[in-house]
Amino acid sequence: MAQNHPLASPSTNSLHHKLLSLPIADKLHFDPESISAASVDYGFFVQEIPAAVLRPSCLEDIMTLVAFRNNESSIPFTISARGRGHSVRGQAMARDGVVVDMTSLGNKGHETTVSYSQSLGHYADVGGHEIWFNVLEHTLKHGLAPVTLTDYQYATVGGTLSNAGIGGEAFRNGPQITNVHEMDVITGTGDFLTCSPHKNPDLFYSVLGGLGQFGIITRARIALRPAPKRAKWVRLLYSDFSAFTTDQERLISRHQRDQDEALDFVEGCLLMHRNMDTWVSFFPLSDRPRVMSLLTEHKLLYCIKAAKYYDEQTESTVEKDLEIILKDLNHVPEFKFEKDVAFIDFLNRIRVAELRLREQGLWNIPHPWLDLFVPKSRMADINTGIFKDIALKNNITTGCVLIYPMNKNKWDDRMSAVTPDEDIFYTVEFLHTSGFGDWQECELQNKEMLSFLKDNGIKFKRYLPNYRTEREWMEHFGPKWRTFQGSKAKFDPKLLLSPGQRIFNHS
């Protein structure tokens with residue numbers, strides 16, 4: 001583990017005593033089990049030891065902690081809100097500080113409610129601590145669903161909104177951050193503020209994609225849509241990268257929300273022998289030998305994963321619509337595969353894999369991920385220099401490799417999240433899994449890939465970024481850096497929040 005600090009420092013001991021004097025003392029935990037759980041995340045290769053863990057039973061508990069920190073100058077400490085711990089590089093940790101376990105709010109936080117207004121349509125008010133699956137279950141009772149959902153429904157609302165919230169639906173509906181109407185936020189100054197495009201807009205746009213730097217999201221008002229009942233789930237195989245990207249870009253060009261002849265979900269992935277466990281189960285047993293034969297012939301295959309949702313009203317036309325959408329695509333002939341599944345099962349597909357991996361003891365292991373946004377114009381270089389020259393030759397990539405395009409016009413540039421400066425850019429994600437003894441190999445490969453991008457002048461952005469110096473963060477945010485700095489000075493001037501991002505806390 002990196003950054004291991006097993007011994008409490010004198011300042012930590014002093015902080016311990018001061019925290020015990022607070023009215024929230026009974027909700028602060030210092031026991032080894034609580035500290036250990038807050039010291040790691042899904043990445044399982046970074047460790048930072050906090051002084052305490054706060055398990056709030058109401059929002060006032062969090063405000064009490066933040067107010068104490070603002071008034072306590074003798075022992076400065078940091079605060080990090082933690083949801084389900086799905087960061088992979090320590091972003092939700094707080095060395096010698098206090099980690100706020102947001103999930104402990106449970107029903108004591110904001111209860112999910114569904115409403116309607118003429119100006120907003122249907123929307124849901126949800127707690128920042130809620131996982132998206134719980135939100136989905138609630139809205140489905142009303143025949144509704146969030147406008148955009150990510151691939152994994154067990155992250156928290158506050159967690160995904162602090163980054164962007166991307167997935168195969170984003171090309172059409174935008175990331176989750178563009179489908180938020182309003183939020184309640186506890187800022188680093190201890191203020192409880194409601195913000196929207198019309199009320200405290202600078203806080204609203206800063207927090208969305210703001211990496212937890214300006215406040216803790218306690219409520220979000222999210223846009224809803226009518227929920228479909230089922231999904232036509234298709235996979236198309238390609239041996240030619242240019243055909244693969246051309247077809248993906250064609251599919252996402254139909255992106256109007258009211259367009260019948262448009263897909264609801266488009267992603268792609270890289271198929272290799274080494275990461276076979278991540279993709280082979282989709283294909284029928286009878287077809288797997290010929291898929292493997294094709295892979296052996298080409299060494300790399302590319303797969304478009306697409307879905308078209310439908311309900312009772314569109315059941316009679318969905319097949320025809322799908323046929324029109326997929327017509328004239330240039331995948332390998334006879335390598336189109338289709339499933340018809342319930343909408344909820346499609347959205348919950350990764351959870352099924354998670355439960356299987358948990359049973360096998362393969363979930364809580366290192367995940368040295370690398371998540372990139374790459375301009376469309378350089379994707380051929382990515383294929384040659386990264387997929388073929390690095391990933392294939394190194395032969396250590398055991399996790400899923402996602403490759404899919406998004407439309408920049410579906411993003412809101414007033415928000416903190418940054419993307420490449422092209423109308424279409426790709427998400428390229430190496431979702432590595434490894435053992436505790438060899439995660440460094442994956443990290444070396446990640447560095448090799450990043451060096452390739454820089455050496456070849458590819459103007460990429462990192463999603464779920466992890467930098468160590470101010471210069472790197474300035475380059476990451478580009479023209480947004482000054483606004484980002486200004487928002488930090490306004491909403492968290494003492495640099496309390498989310499120190500694990502290492503944007504303003506470089507130690």
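Tutor: This is a predicted model, and we can begin with the residues that are exposed on one side of a helix: in α9 these are Pro 289, Thr 296 and Glu 297.

Student: Which residues of helix α9 are buried?

Tutor: The general idea is that an α-helix has 3.6 residues a turn, so residues three or four places apart point the same way. Here, in α9, which spans residues 288–298, the buried residues are Val 291, Met 292, Leu 294 and Leu 295. Because these cover an arc of only 155 degrees around the axis, they lie on the same side of α9.

Student: What do the buried residues of α9 pack against?

Tutor: They pack against four strands, β11 (230–238), β12 (265–271), β13 (301–310) and β14 (336–342). After the helix comes Lys 299, whose phi is positive, near 70 degrees.

Student: Why is β12 described as largely enclosed?

Tutor: Seven of its seven residues are buried, so β12 is largely enclosed by the rest of the structure. Phe 265, Glu 267, Cys 269 and Leu 271 point one way from the strand, while Val 266, Gly 268 and Leu 270 point the other way. Strands β12 and β13 run antiparallel and are joined by seven bridges, and Cys 269 has Cys 303 in β13 as its bridge partner.

Student: At what angle do helices α15 and α16 pack?

Tutor: Helix α15 (residues 470–477) and helix α16 (residues 481–491) pack at about 115 degrees, with their axes 8 Å apart. Glu 470, Trp 473, Met 474 and Phe 477 of α15 meet Trp 481, Phe 484 and Gln 485 of α16, a contact that comprises five nonpolar, one polar and one charged residues.

Conventions
Residues are numbered from 1 along each chain as its sequence is written. This is a predicted model: local features need pLDDT of at least 70, side-chain atom pairs count only at pLDDT 80 or more; totals for chains, interfaces and linings use all residues. Side-chain values use heavy atoms; hydrogens and water are left out. Buried means under 20% relative accessible area, exposed over 50%, partly exposed in between (1.4 Å probe, protein chains only). Helices (H or I, at least four residues) and strands (E, at least two) are DSSP runs, numbered from the N terminus. The arc is that of the directions from the helix axis to the C-beta atoms. Contact means heavy atoms within 4.5 Å. Two strands pair if DSSP finds at least two bridges between them. Axes are lines fitted to C-alpha atoms, for helices over the stretch in contact, and angles run from 0 to 180 degrees between N-to-C directions. Ala, Val, Leu, Ile, Met, Phe, Trp, Tyr, Cys and Pro count as nonpolar, Asp, Glu, Lys and Arg as charged, and the others, Gly among them, as polar.
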